[in-house]
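Q: I'm new to this one and would like to learn how to read it. Could you walk me through a few features, starting with strands?

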Amino acid sequence: MIELTELQERISHVKEELSAQTLRLEDLDSLEAFRIEFLGRKGKIADLFKLMGQIDPADKATAGKLLNDLKREANEIFDIRKEKLSLSALDARIESERIDLTLPGVYHPLGHKHLLTQVQQEIESIFLRMGFDVATGPEIEDEYHNFEALNIPADHPARDDWDTFYIDDTTLLRPHTSPVQIRVMEQTDPPVRIICPGRCYRRDTQDATHSPVFHQVELLWVEEGLSLANLKYVLEAFIHEFFGEGYEMRLSGDFFPFTEPSVQVHMRAPGAEDWLEIMGAGMVDPAVLTNVGYDPDKVTGFAFGLGIERMAMLRYGIDDIRVFFGNDLRFITQF
Ligand code: PHE
């Protein structure tokens with residue numbers, strides 16, 4: 001037999017444990033441990049219920065009420081805690097999975113055409129409007145198209161002006177776009193009206209106005225009855241389109257083996273003191289026309305080769321050609 005008072009003592013002992021444990025319920029795991037300890041089938045409260053058999057029948061009603069109160073109290077603690085801890089567990093999960101839509105995105109800078117490409121395309125579009133076609137030729141050229149066909153025989157000192165990089169004895173990196181004239185005329189009957197933009201190479205030491213890699217636009221117009229006056233007109237029309245007002249152009253005599261007569265074209269920016277050579281030009285030499293099978297008594301033509309870098313330098317006031325190839329974004333992004 002167990003006295004009611006002893007049971008009461010044991011109940012209040014479990015109650016003390018309950019409230020002590022309650023303070024330590026921090027997460028769902030400790031809550032589960034709490035449930036097993038007090039409310040489980042072998043838990044502390046179930047143990048007390050087992051004592052009922054040893055209680056005096058007269059005290060059973062009181063004892064039963066006390067035990068049920070204890071059980072309800074423990075259940076209440078469990079339910080309230082469970083709700084709270086579940087909510088904060090959910091909060092923690094939401095917090096950890098939160099996406100901050102206000103964060104700045106990953107910035108992918110957008111590139112644009114290099115200034116040289118822009119200028120080249122602008123030159124192309126001006127001549128396309130004038131009725132010229134755009135032709136291209138190889139940067140790796142043979143000596144015949146680069147020299148002989150252009151009236152520069154082997155061992156002629158004029159070759160020094162186009163000294164370049166050789167791949168083998170007769171294959172070279174073209175030092176000008178003029179060989180494209182030959183390639184086009186070999187393939188077509190007159191009239192021919194083309195421009196040819198492209199990269200060129202020379203054994204030049206780099207300085208403010210020279211680069212071993214640079215770009216030219218070649219022009220060639222062959223037809224019956226063309227004269228130097230037509231060349232001058234085309235030049236002036238082009239320069240007016242490209243530069244606008246205020247730029248001066250001047251022609252002076254020059255020599256190229258593939259033109260006769262030959263001229264040099266200089267430009268001066270508004271307010272500038274110095275003239276800058278932008279191209280060589282002239283009437284196509286009869287020997288060149290003969291080399292491609294044209295009849296120089298029937299057709300005449302003119303040609304020029306201009307430096308794209310120099311055109312850009314004049315227009316944008318750039319004083320050093322090396323910046324085009326420097327890959328410096330501070331320069332590139334300005335245009
Ligand atoms: N090819 C010459 C050069 O690069 C330029 C030129 C082209 C001159 C066409 C006359 C005619 O120097």
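This is a predicted model: local features need pLDDT of at least 70, side-chain atom pairs count only at pLDDT 80 or more; totals for chains, interfaces and linings use all residues.

Q: How do β3 and β4 pair, and over how many bridges?

A: The general idea is that strands of a sheet pair through backbone hydrogen bonds, either parallel or antiparallel. Here β3 and β4 (residues 171-173) pair in the antiparallel sense, over 2 bridges.

Q: What is the strand order in that open sheet of 3 strands?

A: The order is β2-β4-β3, and the pairing is antiparallel. β2 (140-142) and β3 (166-168) are at the edges with a single partner strand each, so one side of each has no neighbour in the sheet. From one strand to the next, the twist averages 35°.

Q: And what order do the strands take in the open sheet of 7 strands?

A: Reading across, you get β1-β5-β6-β10-β9-β8-β7, and this time the pairing is mixed. The edges belong to β1 (133-134) and β7 (248-256); each has a single partner strand, so one side of each is left without a neighbour in the sheet. Helix α5 (residues 115-129) packs on this sheet, where it touches β1, β5 (192-201), β6 (213-223) and β10. The direction of α5 makes about 170° with that of β5.

Q: Which strands does β6 pair with, and over how many bridges?

A: β5 and β6 run antiparallel and are joined by 10 bridges. Ile194, for instance, has Leu220 in β6 as its bridge partner. With β10, β6 pairs in the antiparallel sense over 8 bridges, and there Glu218 has Gly305 as its bridge partner.

Q: Is β6 mostly covered or mostly uncovered?

A: Mostly covered: 9 of the 11 residues in β6 are buried.

Q: How many bridges join β9 to β10?

A: There are 5 bridges between β9 (residues 276-284) and β10 (residues 300-307), and these strands run antiparallel. Look for Gly280, whose bridge partner in β10 is Gly305.

Q: Can we zoom in on Ser262? Where does Ser262 lie, and is Ser262 buried or exposed?

A: Ser262 is in strand β8 (residues 259-268). Its relative accessibility is 6%, so Ser262 counts as buried. Leaving aside residues up to four places away in sequence, Ser262 touches Ser252, Gly253, Asp254, Phe255, Phe256, Ala281 and Gly282. Ser262 and Gly280 are 18 residues apart in sequence, and their C-alpha atoms are 7.5 Å apart in space.

Q: On to helices. At what angle do the axes of α5 and α10 cross?

A: For α5 and α10 (residues 308-316), the axes come within 10 Å and cross at roughly 100°. The two are therefore roughly perpendicular to each other. On the α5 side, the contact is made by Leu115, Leu116, Val119, Gln120, Glu122 and Ile123; on the α10 side, by Ile308, Glu309, Met311, Ala312, Arg315 and Tyr316.

Q: What does Leu115 touch?

A: Not counting residues up to four places away in sequence, Leu115 touches Ala312, Tyr316, Ile318, Phe324, Phe331 and Phe335. With 3% relative accessibility, Leu115 counts as buried.

Q: Are α1 and α4 roughly parallel or roughly perpendicular?

A: The axes of α1 (residues 4-23) and α4 (residues 60-96) come within 10 Å and cross at roughly 5°. That makes the pair roughly parallel. Residues that meet here include Leu4, Leu7 and Ile11 in α1, and Thr62, Leu66 and Leu70 in α4.

Q: Last topic: how many aromatic pairs are there?

A: The structure has 16 aromatic pairs. One of them is Phe34 with Phe38, a tilted pair at 5.1 Å centre to centre and 50° between the planes. In general, a pair of aromatic rings is described by the distance of the centres and the angle of the planes. Phe34 and Phe38 are 4 residues apart in helix α2 (residues 28-39), so about one helical turn separates them. Both are buried.

Q: Which charged end sits over the ring of Phe242?

A: That of Arg315, 4.2 Å from the ring centre. Phe242 also belongs to an aromatic cluster whose members include Phe127, Trp221, Tyr247 and Phe304. Elsewhere, the charged end of Lys71 sits over the ring of Phe49, 5.8 Å from its centre.

Conventions: Residues are numbered from 1 along each chain as its sequence is written. Side-chain values use heavy atoms; hydrogens and water are left out. Two strands pair if DSSP finds at least two bridges between them. Contact means heavy atoms within 4.5 Å. Axes are lines fitted to C-alpha atoms, for helices over the stretch in contact, and angles run from 0 to 180 degrees between N-to-C directions. Rings of Phe, Tyr and Trp (its six-membered ring) pair if their centres lie within 6.5 Å; planes under 30 degrees apart count as stacked, over 60 as edge-to-face and the rest as tilted. Buried means under 20% relative accessible area, exposed over 50%, partly exposed in between (1.4 Å probe, protein chains only). A charge sits over a ring if NZ of Lys or CZ of Arg is within 6 Å of the ring centre and within 35 degrees of the ring normal. Angles under 35 degrees count as roughly parallel, over 145 as roughly antiparallel, 65 to 115 as roughly perpendicular and the rest as oblique.
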